[in-house]
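Please keep the sequence and the model at hand while reading.

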Amino acid sequence: MAKVPSHIISVDWGTSSFRANLADASGASLAEIRGGQGALNLRPGEHEPYLAAHLAEWRVAHPDAQVVASGMVGARQGWVEAPYAPCPAGVGEIAAAMKIVVSPTLGEVRIAPGVSTLDARGAPDVMRGEETQILGALAASGAGDGLFVLPGTHSKWARVRSGRIVGFETYMTGEVFAVLKDHSVLGRMMTPSAPETTSAGFALGLDAAAALDRPGDLLHAIFMARTFGLFERVAPEQLSEYLSGLLIGAEILAGAKGAREATVIGGAALAERYRRAGAHLGATLTPAPENCATLGQIALIAAT
């Protein structure tokens with residue numbers, strides 16, 4: 001096991017977002033950067049100077065800090081590809097697959113790989129960044145087993161046994177919601193939703209998800225986001241909430257596969273929405289700490 005340095009520069013670089021934390025060896029954040037270009041928004045050759053410019057002040061103040069990055073920065077279209085580690089994968093397998101890049105301005109940068117799996121039909125599924133957050137959640141809780149949901153554009157439901165990710169499924173919930181709301185006939189009757197985390201429309205959507213029977217029923221229930229508005233059954237500001245509840249509810253019921261407990265890893269607002277949706281559907285979804293990416297990166301450093 002490697003000694004964890006006193007300071008970590010933790011980079012969580014996704015498809016469309018950039019987040020960095022200067023943290024101590026325990027994972028506590030000392031400074032942070034939020035916002036910026038996503039890893040896939042940059043052209044080849046732009047990632048290293050972009051990262052160096054954002055981290056320059058921290059590198060000067062803490063020249064011995066270890067820089068470690070996870071997420072789409074390690075994708076084929078990112079900075080340097082870190083190939084997927086196949087399931088089952090725990091901290092040892094993931095750490096062994098990390099890429100080390102020597103940058104003239106940043107020094108040694110460790111890039112976490114993604115993780116791949118095969119579903120019941122033999123179709124491949126992948127994650128990048130979520131595996132590191134799962135490792136962080138495990139480190140925070142001390143648990144070795146569990147079900148984890150990472151909601152977002154492409155939500156992940158992952159099963160962990162004895163500290164290793166043994167399988168997972170991806171659900172395009174966030175992206176489908178955005179496409180239907182902003183680029184389909186459904187959005188024409190919608191107005192901005194109420195600021196409350198839950199609403200009558202959201203609960204109505206969850207109930208509709210719980211009533212789904214056949215696979216195609218979801219496509220029918222989606223269209224109700226229009227007809228509920230046409231017949232003034234649901235207020236315009238609640239129509240998007242209905243659609244959100246329907247899609248999130250369908251995801252939870254499919255991802256949980258009957259399980260009544262799971263850990264939610266994500267931003268506070270989205271984690272709370274999933275927690276409330278789970279409670280409505282009879283599942284306890286407990287939020288994990290928000291610094292899971294950093295905690296997971298520290299676990300990877302320690303394992304190398």
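Q: How many residues lie between E6 and E7 in the hairpin that they form?
A: The model is a predicted one. In it, E6 and E7 pair in the antiparallel sense over 5 bridges, and within this pairing Ile100 has Arg110 of E7 as its bridge partner. The two strands form a hairpin, and the number of residues between them is 3.

Q: In what order do the 6 strands of the open sheet stand?
A: The pairing in this sheet is mixed. Neighbouring strands are turned against each other by 20 degrees on average, direction ignored. The order of the 6 strands is E3-E2-E1-E4-E7-E6.

Q: Why is one side of strand E3 and of strand E6 left without a neighbour in the sheet?
A: The sheet is open, with E3 and E6 at the two ends of the order E3-E2-E1-E4-E7-E6. Strand E3 covers residues 29–34 and strand E6 covers residues 99–103. One side of each is left without a neighbour because both stand at the edges, each with a single partner strand.

Q: Which residue of E7 is the bridge partner of Ala69?
A: Strand E1 (residues 7–13) and strand E4 (residues 66–71) run parallel and are joined by 6 bridges, with Val11 opposite Ala69 in E4. E4 also pairs in the parallel sense with strand E7 (residues 107–111), over 3 bridges. In E7, the bridge partner of Ala69 is Ile111.

Q: Which helix packs on the sheet and touches E1, E2 and E4?
A: E1 and E4 are parallel strands joined by 6 bridges. The helix that touches them, together with strand E2 (18–24), has a direction that makes about 120 degrees with that of E1. This helix spans residues 292–303 and is H9.

Q: Which strands are the edge strands of the open sheet of 5 strands?
A: This sheet has mixed pairing and the order E12-E11-E10-E13-E14. From one strand to the next, the twist averages 25 degrees. The strands that pair on one side only are E12 (164–171) and E14 (284–287).

Q: What is the bridge partner of Arg159 in E12?
A: Strand E11 (residues 155–161) and E12 run antiparallel. They are joined by 7 bridges. In E12, the partner of Arg159 is Gly167.

Q: At about what angle does H7 run to E11?
A: H7 is a helix of residues 236–256. It lies across strand E10 (146–150), E11, E12 and E14. Its angle to E11 is about 20 degrees.

Q: Are H4 and H7 roughly parallel or roughly antiparallel to each other?
A: The axes of helix H4 (residues 173–183) and H7 come within 10 Å and cross at roughly 155 degrees. Angles over 145 degrees count as roughly antiparallel. H4 and H7 are therefore roughly antiparallel.

Q: How many nonpolar residues does the contact of H4 with H7 have?
A: H4 contributes Thr173, Val176, Phe177, Leu180 and Lys181, while the residues of H7 include Leu243, Leu247 and Ile248. By class, 3 residues of the contact are polar and 2 are charged. The number of nonpolar residues is 6.

Q: Which term describes the placement of H5 relative to H8?
A: Helix H5 (residues 200–210) and helix H8 (residues 268–280) have axes 10 Å apart and pack at an angle of about 50 degrees. The residues in contact are Phe202, Ala203, Leu206 and Asp207 of H5 and Arg273, Ala277 and His280 of H8. The angle of about 50 degrees makes H5 oblique to H8.

Q: Why is Cys292 too far from the closest cysteine sulfur for a bond?
A: A disulfide requires two cysteine sulfur atoms within 2.5 Å, and the count by this rule comes to 0 disulfides. The closest cysteine sulfur to that of Cys292 is in Cys87, and it is too far for a bond because the separation is 18 Å.

Q: Which residue does a cis peptide bond join to Cys87?
A: The omega of this bond is about 0 degrees. The residue in question is found in the loop between strand E5 (85–86) and helix H2 (91–96). It is Pro88.

Technical notes
Residues numbered from 1 in each chain as written. Predicted model: local features only at pLDDT ≥ 70, side-chain atom pairs only at ≥ 80, totals over all residues. Heavy atoms only, no water. Pairing = 2+ DSSP bridges. Helix = DSSP H or I, 4+ residues; strand = E, 2+ residues; numbered from the N terminus. Axes fitted to C-alpha atoms, helices over the stretch in contact; angles between N-to-C directions. Contact = heavy atoms within 4.5 Å. Parallel < 35°, antiparallel > 145°, perpendicular 65-115°, else oblique. Nonpolar A, V, L, I, M, F, W, Y, C, P; charged D, E, K, R; others polar.
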